[in-house]
Amino acid sequence: MLFGKVLSLNDIKEEPFIMQNIRWDLEPKNLIDPRCQQTEEGLKFREPIEGYVFYIDTMDKQPALFLMRHTSIEFGETIAKIDEIPQDLLADAIEENKGRACFGMYPINTKVEEWLKRELGVP
């Protein structure tokens with residue numbers, strides 16, 4: 001792990017590089033999609049994905065909010081767990097995105113994004 005420990009919400013706030021590189025436009029499925037696909041026009045390569053992506057994990061008894069670091073060489077690792085978020089926000093996001101699950105990971109929804117931005121001080 002890059003930081004040697006699982007980061008908290010406060011730790012994220014104190015890391016300017018993370019704060020500047022959060023990808024609000026991505027979800028877990030984007031990170032799993034193949035790097036290249038055969039199309040009628042030939043091989044199509046997707047743009048490299050870099051940055052930090054929030055996701056909801058449902059592998060444990062209670063859903064949890066995590067932050068994953070993803071690099072352009074397709075390396076990803078979970079670096080933070082956000083314990084402060086209310087469980088009802090996570091439950092609502094899972095219900096809203098139930099058709100978009102990817103290996104037990106769900107994308108965040110608008111309410112979770114708004115909560116995160118408010119807590120992180122992001123405009």
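Modeller: A residue is called buried when its relative accessible area is under 20%. By that rule, 39% of the 123 residues in the protein chain are buried. Do keep in mind that this is a predicted model.

Colleague: Why is a set of residues called a nonpolar core?

Modeller: Its members are buried residues of kinds such as Leu and Phe, joined through side-chain atoms within 4.5 Å. The largest such core has 24 residues, and Phe54 and Leu65 touch the most other members. Elements that each supply at least two of its residues include β3, β4 and α5. A second, separate core has 9 residues, among them Leu31 and Tyr55.

Colleague: Which residues beyond its sequence neighbours does Phe54 contact?

Modeller: Leaving aside neighbours within four places in sequence, the partners of Phe54 include Ile12, Trp24, Leu65 and Leu120.

Colleague: How do you know that the buried residues of α4 line one face of the helix?

Modeller: Look at Leu89, Leu90, Ala93 and Ile94, the buried residues of α4. Seen down the helix axis, they fall within an arc of 135 degrees, so they line one face. On the other side of α4, Asp88 and Glu96 are exposed, which takes over 50% relative accessible area.

Colleague: What covers the buried residues of α4?

Modeller: The cover includes β3, β4, β6 and α5.

Notes
Residues are numbered from 1 along each chain as its sequence is written. This is a predicted model: local features need pLDDT of at least 70, side-chain atom pairs count only at pLDDT 80 or more; totals for chains, interfaces and linings use all residues. Side-chain values use heavy atoms; hydrogens and water are left out. Buried means under 20% relative accessible area, exposed over 50%, partly exposed in between (1.4 Å probe, protein chains only). Helices (H or I, at least four residues) and strands (E, at least two) are DSSP runs, numbered from the N terminus. Contact means heavy atoms within 4.5 Å. The arc is that of the directions from the helix axis to the C-beta atoms.
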